[in-house]
Amino acid sequence: MFVALLGISGFILIENYSFAESFHMTIITVSTVGFGEIKPLSSAGRLFTDILIILSMSTYAYAISVITGYIINGELNQYFKNYKVNNKISKLENHVIVCGYGRNGKEACETLRNNGVDYLTVERNQSIVSLLRENQNVLFVEGDSTNDDILKAAGIERAKALITTLPADADNVFVVLTARELNKNLKIISRASDDASVPKLKRAGADNVIMPDKIGGSHMASLVTKPDVLEFLDYLSIQSGENIILEEILIKNLSENVHNKSIKDLQIHHKTGANIIGYKSSDGQFIVNPFHDTVLKNDAKMFVLGTKEQIMDLMHIFAK
């Protein structure tokens, strides 16, 4: 555009061409099509034409070098990769957003992936973002989790849960406040470093607050006082239990034949080998090792211990 304006202005001022003549002369000069001159050029006009040709060729050469560098440096490839990732994110529903891909965030993502839960992470640290770009298994949004637009880009309105593991408690409080405002039904789990931050996070809207340092210290101490109990629980945990798992099952997701029936009536252990070791009523009350006459209400939840095959059998036999 600059070269065209320069050419038109130059031919008008130097050769007294009309606008139409200047425009035509500029086009045939810049495009180097080889047509003849409209009118004989003066020495100044020929010099200006030569300069215009050199300038236009330099512009073309620069444009080609930029495009070539864009392709060779992988920026075009990165553009299409980002487009593909953004397209996947736009289709996510009932997923989990993990804010921060540090030690806790990475562990959370691995656990979600191992359990087949759709998730993505939000990270602003450039060194971590570079690593995430190379990891094809992790969907991510680059940016600050405390920013409304970034959370919206992560699909906060369509998500079922958010886990915030930022190192600063103040940032986690801000993320919780923002997330709760954008999605009232969101399950929010936050990390905390200081005991004083726990009630603040709860007031901000967090459903659960986890203190990794406290849990880690308590776990290590329990390995001294109750080593076998801890090892058994570790064996049952999601990370360690490859064959034996503890699964939570919503009664309403099972067949209506299960609703309002007692554990004894259903004979779950006899039919599948799995054991109901816990029950959570609709009002949030937990019952450990419920009695056989416990009635399974539609809006309650049961906790079942068994192998993967036994859990699958249960879900198949009592499928909705």
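Gln267 sits in the loop between α12 (263-266) and α13 (268-272); helices (H or I, at least four residues) and strands (E, at least two) are DSSP runs, numbered from the N terminus. Gln267 has a positive phi of about 55 degrees although it is not a glycine. At 42% relative accessibility, Gln267 counts as partly exposed, where buried means under 20% relative accessible area, exposed over 50%, and partly exposed in between (1.4 Å probe, protein chains only).

Before going further, a word on the model. This is a predicted model, in which local features need pLDDT of at least 70, side-chain atom pairs count only at pLDDT 80 or more, and totals for chains, interfaces and linings use all residues. Residues are numbered from 1 along each chain as its sequence is written, and side-chain values use heavy atoms, with hydrogens and water left out.

Asn94 also has a positive phi, near 55 degrees, in a residue other than glycine. Its place is the loop between α4 (75-90) and β1 (96-99), and Asn94 is exposed, with a relative accessible area of 52%.

**The whole protein**

Now for the wider view. The protein has 14 helices and 12 strands. Of its 320 residues, 36% are buried. A contact means heavy atoms within 4.5 Å, and among contacts with a separation of 6 or more, 56% are between residues 24 or more positions apart. The protein exposes about 19,700 Å², and carbon and sulfur atoms supply 56% of that area; accessible areas come from the Shrake-Rupley method with a 1.4 Å probe, and for residues only the protein chains shown count as cover.

**Salt bridges**

How many salt bridges does the structure hold? There are six salt bridges, each one a side-chain nitrogen of Lys or Arg within 4 Å of a carboxyl oxygen of Asp or Glu. In general, side chains of opposite charge can pair when their charged atoms come close.

| Asp207 | Arg180 | 3.1 Å |

Asp207 is partly exposed at 32% relative accessible area, whereas Arg180 is buried at 16%.

Asp195 lies in the loop between β5 (187-191) and α9 and Lys214 in helix α10 (residues 212-225), so the pair ties together parts that are 19 residues apart in sequence. Asp195 is partly exposed at 46% relative accessibility, and Lys214 is partly exposed at 49%.

Strand β12 covers residues 301-307. Glu248 is partly exposed at 47% relative accessibility, while Lys301 is buried at 18%. Leaving aside neighbours within four places in sequence, the contacts of Lys301 include Glu248, Ile249, Gly278 and Tyr279.

Salt bridges also link Arg124, Asp144 and Asp171 in a network.

**Inside and outside**

Asn172 belongs to helix α8 (residues 169-182). Is Asn172 buried or exposed? At 0% relative accessibility, Asn172 counts as buried. A polar atom of the Asn172 side chain lies 2.8 Å from the backbone oxygen of Leu166. Beyond its neighbours within four places in sequence, Asn172 is in contact with residues including Thr164, Ser190, Arg191 and Leu201.

Cys99 is buried, with a relative accessible area of 0%, and Cys109 is buried, with a relative accessible area of 0%. A disulfide is a pair of cysteine sulfur atoms within 2.5 Å, and by this rule the count comes to zero disulfides.

On the outside, Val288 is exposed, with a relative accessible area of 71%. Val288 is found in strand β10 (residues 286-288). Val288 and Gly278 are 10 residues apart in sequence and 4.6 Å apart in space, C-alpha to C-alpha.

Leu233 lies in helix α11 (residues 227-236) and is partly exposed at 48% relative accessible area.

Conventions. Polar contact = N/O pair within 3.5 Å; in protein donor to acceptor, adjacent residues only side chain to side chain.
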